[in-house]
Amino acid sequence: MNNMKRVYLDNAATTPLRPEVIDCMVDVMQTEYGNASSTHSYGRSAKSIIESARKSIAQWMGCEARELIFTANATEATNMILTSAVRDLGIQRLITSRMEHHATLYTVEKLAQDFGVTVAYLPAKPDGTVALEGLAELLQQEIPTLVTLMHVNNETGAVLNIDEVGQLCHAHNALFHCDTVQSVGKVRLHFHDLPLDFAVASAHKFHGPKGVGFAYISKNVVLKPMIVGGEQEKGLRAGTEAVHQIAGMAKALELDMTDLAHDQGYIEALKFYCWEQLQIAFPGIKTNGEHTFYNILNVTLPMPEEKAAMLLFNLDIKGIAVSRGSACQSGSSKPSHVLAQFVAEDDLKRPALRISFSRFNTKEDIDALCDALKGV
Ligand code: PLP
């Protein structure tokens with residue numbers, strides 16, 4: 001890397017680690033190298049770090065420690081939950097939306113292929129949220145069903161009403177899996193107060209390390225493993241635990257939750273400032289999605305279509321990291337599968353960006369983005 005000042009505004013893709021998390025992980029790696037399955041003191045000590053992390057995460061997430069299973073990431077957790085629900089719990093139908101993350105969408109498609117389950121897709125509304133109007137009717141049909149919908153959409157920041165969906169599911173004996181990847185660590189979620197059966201998280205989305213996440217599996221549901229081998233994680237997820245990763249994830253969640261009130265206000269103000277500055281610089285700019293989550297801003301720029309293909313590249317050479325919003329950008333000839341559900345076709349072709357913020361961003365970052373955009 002050269003010395004150019006770089007600006008990272010892609011926090012929905014992943015977040016920088018907090019320094020305290022790195023310190024915590026280095027400490028564990030240096031001193032706690034025992035295998036948590038060993039019965040000697042090294043093993044017991046490693047095991048106690050894992051179990052303290054589980055307790056701490058459970059406290060922040062409002063559930064019991066035994067309801068958390070550590071995985072490599074949220075993709076693995078979602079694969080495990082959906083697969084076991086179909087294979088072991090007799091689920092015959094999955095209800096979802098076409099705006100889910102591919103971790104869910106491709107798992108659903110695979111389960112339809114491998115097990116013949118039927119799939120119903122709820123449509124999108126013009127504001128980017130999932131239309132729930134047809135859900136009650138679908139659930140009235142007596143088919144063993146699991147509903148899988150994400151809490152916060154990673155591309156648009158559209159927010160699902162977990163209570164509404166979960167209450168409908170439970171009124172009709174359907175299971176509810178919610179992809180909470182974009183909201184864990186960013187809002188107060190109390191799993192036991194929510195009508196949820198399953199939720200998932202990846203630590204790298206909340207300033208923790210990559211390669212670790214968790215599945216929340218309500219104690220009322222018993223799943224079977226996807227990965228078999230040792231007895232780790234109650235036999236639900238075999239393989240020697242990554243003690244430092246798990247400790248780092250717990251530390252990151254603790255820090256983020258402790259600083260939440262301050263950080264949320266700070267990030268909300270940054271997003272507002274960004275939207276104001278973009279409107280001044282680009283009259284006619286549009287947001288994709290309404291009333292979206294506080295750290296994600298997805299916009300379509302009033303620029304000619306030809307600018308779409310090179311937009312991210314042009315920002316990147318100026319040191320600015322953001323994600324594509326929609327059209328044929330960053331080497332892809334397909335529009336975003338999310339925006340394709342609710343954005344008008346003409347707008348889909350225009351240059352669009354997903355800008356996503358964290359506690360480490362500043363107004364200067366946004367000024368740099370606006371300056372760079374004016375120059376493309
Ligand atoms: N779900 C959502 C909403 C996401 O944003 C992501 C990551 O981009 C995932 C699932 C998958 O997370 P991971 O790649 O860490 O497994």
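**A tour from the ligand outward**

Select His-204 and the ligand: an oxygen atom of the ligand is 2.8 Å from an N or O atom in the side chain of His-204. Taken alone, the ligand exposes 390 Å², and the protein buries 86% of that. Such accessible areas come from the Shrake-Rupley method with a 1.4 Å probe; for residues, only the protein chains shown count as cover.

Before you go on, note that this is a predicted model: local features need pLDDT of at least 70, side-chain atom pairs count only at pLDDT 80 or more, and totals for chains, interfaces and linings use all residues. Residues are numbered from 1 along each chain as its sequence is written, and side-chain values use heavy atoms, with hydrogens and water left out.

**Stop 1: around the ligand**

Now pick Thr-75. An N or O atom in its side chain is 2.5 Å from an oxygen atom of the ligand. Move to Ala-74. Here a polar backbone atom is 3.4 Å from an oxygen atom of the ligand.

Next, show the residues that surround the ligand, among them Asn-73, His-101, Met-150, Asp-179 and Lys-205. A residue is near a molecule if one of its heavy atoms lies within 4 Å of it. Colour this shell by class: three residues are nonpolar, seven polar and two charged. Ala, Val, Leu, Ile, Met, Phe, Trp, Tyr, Cys and Pro count as nonpolar, Asp, Glu, Lys and Arg as charged, and the others, Gly among them, as polar.

**Stop 2: Asn-11**

Select Asn-11, in the loop between β1 (7–8) and α1 (19–31). Helices (H or I, at least four residues) and strands (E, at least two) are DSSP runs, numbered from the N terminus. Is Asn-11 buried or exposed? Asn-11 is buried, because its relative accessible area is 1% and buried means under 20%, exposed over 50%, partly exposed in between (1.4 Å probe, protein chains only).

**Stop 3: two loop residues**

Jump to Asn-173, in the loop between α6 (162–171) and β6 (175–179). Asn-173 is not a glycine, yet has a positive phi of about 60 degrees. Asn-173 is exposed, at 72% relative accessibility.

Finish at Lys-234, in the loop between β8 (213–217) and α7 (243–258). Lys-234 is not a glycine either, and its phi is positive, about 55 degrees. With a relative accessible area of 60%, Lys-234 is exposed.

How values were computed
A polar contact is a pair of N or O atoms within 3.5 Å; within protein, one must be able to donate a hydrogen and the other to accept it, and residues adjacent in sequence count only if both atoms are side-chain atoms.
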